[in-house]
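Student: I have a structure to go through. Could you take my questions one at a time?

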Amino acid sequence: MEAKVLQSLHLSTWIGPDSTFPTNSNSMRLCTRFEKKRRVNMLKCSFEQTIKPAIGHRAAGLKISCTSQNSLASVLESGIYTTEEDLVLKKKSEEIEPCLSGRCIYLVGMMGSGKTTIGQILSEVLGYSFFDSDKLIEQSAGGTAVADIFKLHGEPFFRNNETEVLHKLSSMHRLVISTGGGAVVRPINWKYMNKGISVFIDVPLDALAQRLTAVGTESRPLLHHGAGDPYTQTLKRLSKLWEERSEAYTNAHVRVSLERIAAKLGHGDVCCVNPTQIAIEVPLSLSLSLSLSLSLSHTHTHTHTHTLVVKDEPDTRLGTHPNRRLPEEINP
Ligand SMILES: Nc1ncnc2c1ncn2[C@@H]1O[C@H](COP(=O)(O)OP(=O)(O)O)[C@@H](O)[C@H]1O
Ligand SMILES: O=C(O)C1=C[C@@H](OP(=O)(O)O)[C@@H](O)[C@H](O)C1
């Protein structure tokens, strides 16, 4: 990343990639010939997170300060740097956005699969608004946290509110919605989510357990557990929920698989895949699904008008990606 930053600011002529080394998470020092020639003993680049502090969302403000002997630092150059991944995401999102016709994107997946993190990134690049259904439920309960709603009123009360929130959102447009992990279980919720396009973020359970153990399970009442190793307990709870729900996730129009992304990127471990890399896969999967729908329409109808099915009810027969049709009408 550092070398690319420098190149983007045309500093690479005097600072090569081999002359950089990180100092801490948000800065690096540069040792260069420039340093000797101009009697500058340190150059320091500060990376300032300028957009959202989501993991992997690495657009950064770059400020290069130059400290010479016995003098104060001065700013040499500054600019906004965006990683190559951010640019790919932006491009792919811009390509798919007109095909969405304002339809909402519903992210579904198990707890901790990154729906909120990825949803925020996606909404930004699509120019959509972002909603987290859990937050809306909390608002409708007067600011009571999800965990407390479960404790005070029980799960059925929470689920009714969840359905109500999804009902309200279903009449809206240009939203990316992070749904709760259990929203897929009620068929009525699919009736609402199928007004838009649903994307299943599929993350292996052990990776979920690692993430959720790292952040703590306090805010996720279905993962509360008693004694025992937290990782093992969390994995056990997730496995049970997965048994109950895995089929319901196949109702989504497309599936984004972390294992597949990791394999594509040559990572042995799904934990190496950052949220931007996952977000890129959403427009990619959608465009693949759209073009498949298009070719299927060509094959089956031999006409130039392609009407894609709007599904009001869950249909597990079709499964997910790549054959599930999107609720989209395309007129090429
Ligand atoms: N690709 C990723 N790699 C590592 N950690 C992630 C990734 N995506 C999300 N996380 C972390 O996992 C936790 C759960 O993410 P979140 O977006 O809240 O999931 P969800 O909304 O699906 O429950 C958060 O702490 C988040 O920072
Ligand atoms: O899986 C579930 O049933 C739940 C997931 C949570 O949302 P996240 O998936 O955003 O953690 C939240 O809706 C509630 O704790 C129940």
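Student: Which residues is Glu97 in contact with, leaving aside its neighbours within four places in sequence?
Tutor: This is a predicted model: local features need pLDDT of at least 70, side-chain atom pairs count only at pLDDT 80 or more, totals for chains, interfaces and linings use all residues, and side-chain values use heavy atoms, without hydrogens or water. Residues are numbered from 1 along each chain as its sequence is written, while chains are lettered from A and ligands numbered from 1 in the order in which they are written. Contact means heavy atoms within 4.5 Å. Glu97 lies in helix H3 (residues 84-100), and its partners beyond four places are Leu126, Tyr128 and Arg174.

Student: How far apart in space are Glu97 and Ser113, C-alpha to C-alpha?
Tutor: In sequence, 16 residues separate Glu97 and Ser113. In space, their C-alpha atoms are apart by 24 Å.

Student: Is Gln120 buried, partly exposed or exposed?
Tutor: Gln120 is found in helix H4 (residues 115-126). Buried means under 20% relative accessible area, exposed over 50%, partly exposed in between (1.4 Å probe, protein chains only). Gln120 has a relative accessible area of 27%, so it is partly exposed.

Student: What distance separates the C-alpha atoms of Gln120 and Ser93?
Tutor: Gln120 and Ser93 are 27 residues apart along the chain. Their C-alpha atoms are separated by 13 Å.

Student: How are H5 and H7 oriented to each other?
Tutor: Two packed helices are described by the angle between their axes and the distance between the axes. Helix H5 (residues 133-140) packs on H7 at about 110°, with the axes 9 Å apart; axes are lines fitted to C-alpha atoms over the stretch in contact, and angles run from 0 to 180 degrees between N-to-C directions. Angles under 35 degrees count as roughly parallel, over 145 as roughly antiparallel, 65 to 115 as roughly perpendicular and the rest as oblique. H5 and H7 are therefore roughly perpendicular.

Student: Which residues of H7 meet H5?
Tutor: H5 contributes Ser133, Asp134, Leu136, Ile137 and Ser140. On the H7 side, they meet Phe158, Asn161, Glu162, Val165 and Leu169.

Student: Is Gly182 buried or exposed?
Tutor: Gly182 is found in the loop between strand S8 (175-178) and H8. Helices (H or I, at least four residues) and strands (E, at least two) are DSSP runs, numbered from the N terminus. Gly182 has a relative accessible area of 7%, so it is buried.

Student: At which residue does H10 bend?
Tutor: H10 spans residues 230-249. The bend at a residue is the angle between axes fitted to the seven residues ending there and the seven starting there. For H10 that angle is about 50°, at Glu243.

Student: Which elements do the buried residues of H10 pack against?
Tutor: The buried residues of H10 include Leu238, Leu241 and Arg245. Their partners are strand S6 (105-108), helix H7 (155-169), helix H8 (187-193), strand S9 (197-202) and helix H9 (205-215).

Student: Which residues does Thr217 touch, not counting residues up to four places away in sequence?
Tutor: Thr217 sits in the loop between H9 and H10. Thr217 is buried, with a relative accessible area of 10%. Thr217 touches Leu212, Leu223, His224, His225 and Thr234.
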